[in-house]
Amino acid sequence: MPLDDSGPKCQCQSPRQHGKESAMTVIAANDSGNYAQPQLPPPPIHTVTGNETVAKVAQQYGVAPEELARGNNISVDTALSPGQMLTLPPHAATNATQAVPATQTPAQKTDAAIAAYQAALKQRDDDMRSAPRNAGLRADLDSTEQDRIDAAKKTMNQAIADEVAGEVAFRNQGTPIAFRTPTDQLIDNAGNAIVARHPGDASLAATIQGAVGTYKFQNQVNGLIPEYSDGTSAADKLKGIMLNGQPPEVVAAVAADPRVQAWAKEAAVQVDQAYANGRNGSGSLDAAHALLASIQGLPPPLAAAVVRQSLPAIQKMGQVSMNGPGQQTFGSMQRVISALGEGPDAQDLANQVAGAYLHQAEDWSQQTLNSVTVAMNGGVRPTLAMALANALQNDGRAEQAQDIIAAATIGQQSYLANAQDSPLKAYNDAHGAKLEKDEHLAELLNHAGPLNDQQKLAFIEAYRADPDNAKVYQAETDAGRDLASYMNAHQDDLIAAAGRSPDNAKQLYQCMQDLNQSGQGKTSLAFVVAIDKDPAATKAFNGFSDYQTDFIDKAIAAAQGQLLVEGHGDAKGAATQLLALAAPLFQANDGWSQITTNYTRMAEGKEDAFTAKALGEEFKELGPGGKGLAMASIMVNAINGSLGDNASGVINSYVTALGTTAGLASGALQSLVEAEKAGTKTASLAEFSARLVPGLSLIAASSACKSDFDSMQSNPVYAGAVVGDLFSVIGSTLEVGGVEVPGAFINGIGSLVAAPFQFAGGLIDDITDANQVHADVKKYLSADGVNLKPGDIDMLASSDPGQVKQWLGTGISPDELQDLARIVPNILQSNHSGGPAIGWLQDAGLSGQDVYDMLKAADAQAPCVGAAEVMRVLSNPNAFNIGGARNKATLADDLRATAQQERSDTMGDPAENLRTATALQAASDWLELHITA
């Protein structure tokens, strides 16, 4: 085509799908002078007239009222004003005659929007293929086309959301809430149906699923934001939003929602009005009180939204003299900032509020310090005080800043000890609730009859998986993480406070012990290192008798456990990180260099370069902390699988070198367990799980570990908690990785499972508690737990704990005792309730194994009744004249004589007498064969 004088404006035709054609301007690659970028049409606008409502306008243009409201950041019920301009959706009809037919279904609207989106994508691709090679023009064109695609995608996403919402509403219509399908499931089903209508395009399917996921997320957010009638205050609206347990992304979305932001702004207006209405200089204090009242009880993100909206009022409050109402106002503001919790948002607001008060603080230093001191004594979080100190420091007022810092560091500890929202209090409450659950578990196991180790494992797993119980165990884990996070953020302040006061040091020490037992060993070890660098804190902590001798070891072991879990079993990486964390404590020791070399070789599995005994001797030379490294190395070896069959030998080498057996193996076991239960359960833990369970087995099977647990019987609740945690971890790893518990594990820990949970049997005075215990035992013995047959469940749940304990004390196994109980129902009942007198059986020279073998022999001769008949006689020794037997020979003679009496008895049923005689004869014969046993 020839060019005219104005430049190269050649027009050409570009082919389009379905036979359609579109003109495209082609421009030389080096020329952009006359290119006109395609322009998107402006969004259609409607100007409100008369008494129009959102619904009427939406109907006029064939769109949903909710869609029109969303696009204009209003609600369906918002009153419209004449002259108000509303932005219409892109697909809105431009006049009433173009309105979308009322018969068009949501699915048809969705499919049309999807088609429009696909067409926009194709248009972009076609246009870009025909576009000039000029980079600037192509970028402009691509941006324009992307805007078109984004608009089409927005329309498509909204159509998908409308269809899904309608489908959910339809499915729930007329169905009682208790019987409705979960909303998320309905959303997924509706989304899958849309995808199914558009097969063969994986990219489109992913886009549709993304839109469905966005709708599901927004639906979750919307479900957390209540709807209110007129008259509810903004503060009360915000307090109706419950965010406990919600993930951070949901909390952030709720806080950013326009409705929530509008309520926060309304609450801020009330604060400003309180300031304006104050008399005789009370406005600032009234405003501070109003702000504090409006955020009390709010989740920190919502409280932060109100404070941020109130910053203009706070700026005015900060100008009021500290030598008067300003001092009290600043005290209230410290409480306001304290309510925001931790995190960047809280710190940013604290910095801004501190800036508002800076000049008054400089003019009235003593009044400011007094306000800080009062707040700190009241358990207020010292966030604002520290922010003000930093502002003073930056403004050249170092001396005044140090005074406030000194008060704030004491306040940091006071907050931990006294504040209702303190992470330490939260952890103590959660840990106390967890211990109550452990004690109840022990009580249930005590009343669950003679369970073998695998049955106890299933019982404990079922108990801990019960939603009510799982919630308590998870709460302890979460509280431990929160405590560690707080302590990490305030390490310097907490250690400085510990150096100033014995009470503060004691409080910090308790926090560090809590970190060890909650799987947060890295933070605990970091504090040990920091204390070692602070002379005042070191002096305070050396006053604790077990700090050097026990705690440092546990902190090292706990840190190694946490590192192994976080690294999913990367032994070398975990060992390297531990050595780096611990280095400041030990690097001055002459042997530290050699230890780091050998410890790293051990983690890499290169144990041929040294012996366990040699490494143990090196640990011993370190003094405090050496035992901790020994426990840590046991964990690393176990995860590597390198302990093998020589587990006891390796552990005993450390024992010999260190000169102590107490807690070495069990400490390693518990540190791993506590770290794993505090870890985040994800599919990526599967490989680690496959190594963790056998690793725990190796440690638990060692003679040293059994010895440790035997010594724990003086504190059975604690020992029980250890085993309970152990089984909980195994259960979680099985769920994640599908790992089978090896038989060696069950065999290895058999003795430790039995000991902690064997409490002296006794009656429960409160019949309500007794009934509840009985019901709970049956629950966890059933299909969702041990999975016993109904008859066995009733048999075990009705057993007498004292009788069971006596039986197990005779050497009979749980499986054998269950076997006997199936054929002799009263064998698990106390002597007062018709059960056998176990003490008398022992006096007669019988062990539990003897009783089992003898009764099985009797049952073989008189099936179904033999064992029961012999036990009936043995349970009533005086009535059958056998009470004087004191050995097997005498008892055999007595049973034979009783058998003869039964045969010659003419009073009873001859057949029954014969069965009894046969059973007693069989028992006598068995005794004669085993008199020397």
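I began with Arg381, and, setting aside neighbours within four places in sequence, I found Arg381 in contact with Gln334, Ser338, Gly341, Glu342, Met376, Tyr415, Asp421 and Tyr486. I note at the outset that this is a predicted model, and I read every entry below with that in mind. Arg381 sits in the loop between α15 (365-377) and α16 (383-394). Buried or exposed, I asked of Arg381? Its relative accessible area is 7%, under the 20% cut-off, so I recorded Arg381 as buried.

Next I looked up Pro312, which lies in helix α12. I found Pro312 exposed, with a relative accessible area of 53%. I also checked Pro312 against Ala356, which is 44 residues away along the chain, and their C-alpha atoms are separated by 9.8 Å.

I then turned to helix α9, which runs over residues 258-277, has 20 residues and reaches 28 Å from its first C-alpha to its last, close to the 28 Å expected at 1.5 Å a residue. Which residues of α9 are buried, I wanted to know? I listed Val260, Trp263, Ala264, Ala267, Ala268, Val271 and Ala274. They cover an arc of only 140° around the axis, and therefore they lie on the same side of α9. On the face turned away from that buried side I found the exposed residues Pro258, Lys265, Ala276 and Asn277.

The contact is made by Ile114, Tyr117 and Gln118 on the α3 side, and by Leu204, Thr207 and Ile208 on the α6 side.

My last entry concerns helix α27, residues 592-603, whose 12 residues should span 16 Å at 1.5 Å a residue, and I noted that its end C-alpha atoms are 16 Å apart, which agrees. In α27 I found Trp592, Ile595, Thr596, Asn598, Tyr599, Met602 and Ala603 buried. Following α27 comes Gly605, for which I wrote down a positive phi, near 80°.

Technical notes:
Residues are numbered from 1 along each chain as its sequence is written. This is a predicted model: local features need pLDDT of at least 70, side-chain atom pairs count only at pLDDT 80 or more; totals for chains, interfaces and linings use all residues. Side-chain values use heavy atoms; hydrogens and water are left out. Helices (H or I, at least four residues) and strands (E, at least two) are DSSP runs, numbered from the N terminus. The expected span of a helix is 1.5 Å times one less than its number of residues. Buried means under 20% relative accessible area, exposed over 50%, partly exposed in between (1.4 Å probe, protein chains only). The arc is that of the directions from the helix axis to the C-beta atoms. Contact means heavy atoms within 4.5 Å.
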